[in-house]
Amino acid sequence: MSAKTFFKASSVLLILFVASRVLGFVREQVIAALLGTSAQSDAFVVAATIPFTFSTIIGVSAGNAFLPAYTARIQGRNGTYLASTVFYLIGAFVAVLTVLGYIFTPQVVDLLAPGFVGEARHLALLCTRIMLPSTFFLTMGFLAKSALNAHREFSVPAAAPVGQNLIFLALILPFGTMQGPGLAWCTLAGAVLFYLYNLPALRRFGIPLLPKLDLKDPDVIAVMRLTVPVIISTLAARGFVFVDRWFGSHLPEGSIAALNFANRVRELPYGLFVAVVSSVLFPALAAAASRRDMKQLRDRTAMGLRLVALVAYPSAAIMLILPEPLTRLLFERGAFDASATAATATALGFYSLSVVAMCAVSVLTCTFLSLGDAVLPLLFGLAGLGINIAADYLLVGAMRHAGLALGNTVGFFVTAILFLVFLSLRLPGFDWKKQSKDQLKILAATVVSTLGMRLIGGYAGLYTGAVTLPGLILGISLAVGAAGIIFIFMLVLFNIEETAFIRRRIIK
């Protein structure tokens, strides 16, 4: 894949991802307005954690293990049987897991949120049972995304979350009065559409709905073997969700909800841009690895790290400098009051720096998996999770939910550092000198633009807490807009490779 093709595919995806994230954020705003940071909100968040986190862990992991093998197969011989067999094996596994979830719902909820009692526990059980089938549909949707991406079909799986969010929002009117359980039904409907939307495209590329199985296919066996460590690795990377819920269930009412809303803001840069880069980058890396084209692997990995840094650094700076104004603008309405804003903004401030580590890990995981290495990502993820748990235990007593956010940030940085340290072993010849210079230039541009953002934010009264909603919108727009102009100017001045087209326009 040429750089031109890469950017063309990314631009199409970016539009769809922006639409999906904007609608997703509207969804979160609706949930915040209806439930605030109440016990009912905590119960809904815990219930949603089970299907969403398990489907992400299993679906994304199976897709990541499947994509390199399937890419190599469709470049040579037909991959119909490989795709069908993997789909049905994973689908059967998740279906069994869902049935077990119904049988052991009380035990699962008690394990995840041992501090829940009375009404909070009852609501969590009810919402969990409603949303459990989402596990199957979301998992299969993630697997479909990997198969379609291997065929360089990016728009269909990227559009599926748009439909998912639209269905959720459309059903809010009839179901929203039921609060938590009503939102659970809306969530289930969105999950069903998330999978079904991909089916016509799967059939177009020869992946049948009816089974065509070959359980003895060596590629099937290889994918299944690779899936297990990748699942454990993804579980380690997403384990902070379970850790936060467990510790948070013992904290004051609304702590889990505050962490959840802050995490939604933190994940915006990933959803809006880094996921686009990873979606386009991973098939290109897998194709290069299948050809043993190590130069392209090095070049694409370096480009991916630069691209995500261009978003991660300024995004982290915005969340660090403007956590309370952002939270007020995004959520403070309805049941989401000033105390909810303060709790969420505190968590967001401590989450902010982890954006950089999260984005780097996303790119580097694609590189390692393209090389068929799932063991090192597994070990790195487990190490980061272990540090996360230890830090949470040490910090939660004094800092409460803010300590959980800080512990998670420390864990992500440990994971990212381990990936970077071992990258040279898996990818010899990687140009660390150029990459380090580029990263320092992007960091320097971020620091300069952040100073401008802080200065303008102060003049706009963003830190007084008394600014009106129109003033808040205007102040944030001015502060972030000015910072963006300064950031781009500094990038052009530093001659960052991805800004070459801007330099050419200026020179003309």
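Predicted model: local features only at pLDDT ≥ 70, side-chain atom pairs only at ≥ 80, totals over all residues.
## Helix H17 from end to end

Helix H17 covers residues 375–399, 25 residues in total. From its first C-alpha to its last it reaches 34 Å, close to the 36 Å expected at 1.5 Å a residue. Along the way, H17 bends by about 30° at Tyr 393. Just after the helix comes Arg 400, with a positive phi of about 55°.

## What H17 packs against

Several residues of H17 are buried, among them Leu 376, Phe 380, Gly 384, Leu 385, Asn 388 and Val 396. The buried residues pack against three helices: H10 (218–248), H16 (354–370) and H18 (401–426).

## A closer look at Asp 392

Is Asp 392 buried or exposed? Asp 392 counts as buried because its relative accessibility is 0%, and the cut-off for buried is under 20%.

Setting aside neighbours within four places in sequence, Asp 392 is in contact with Val 243, Asp 244 and Phe 247, and also with Gly 403, Leu 404, Gly 407 and Asn 408.

Elsewhere in the model, a nonpolar surface patch of about 750 Å² is made by Phe 54, Phe 93, Val 96, Leu 97, Val 99, Leu 100, Ile 103, Phe 104 and Val 108. Helix H3 (residues 80–103) gives the patch its largest share, 6 residues.

One of the patch residues is Leu 97, which lies in helix H3. Leu 97 is partly exposed, with a relative accessible area of 30%.

Note on methods: Residues numbered from 1 in each chain as written. Heavy atoms only, no water. Patch = residues over 30% accessible without salt bridge, like charges linked within 9 Å, V, L, I, M, F, W, Y side chains within 5 Å. Areas by Shrake-Rupley, 256 points an atom, 1.4 Å probe, with all protein chains shown as cover. Salt bridge = Lys/Arg side-chain N within 4 Å of Asp/Glu carboxyl O. Helix = DSSP H or I, 4+ residues; strand = E, 2+ residues; numbered from the N terminus. Buried < 20%, exposed > 50% of the residue type's maximum accessible area, 1.4 Å probe, protein only. Expected span 1.5 Å × (residues − 1). Bend = angle between axes of the 7 residues up to and from the residue. Contact = heavy atoms within 4.5 Å.
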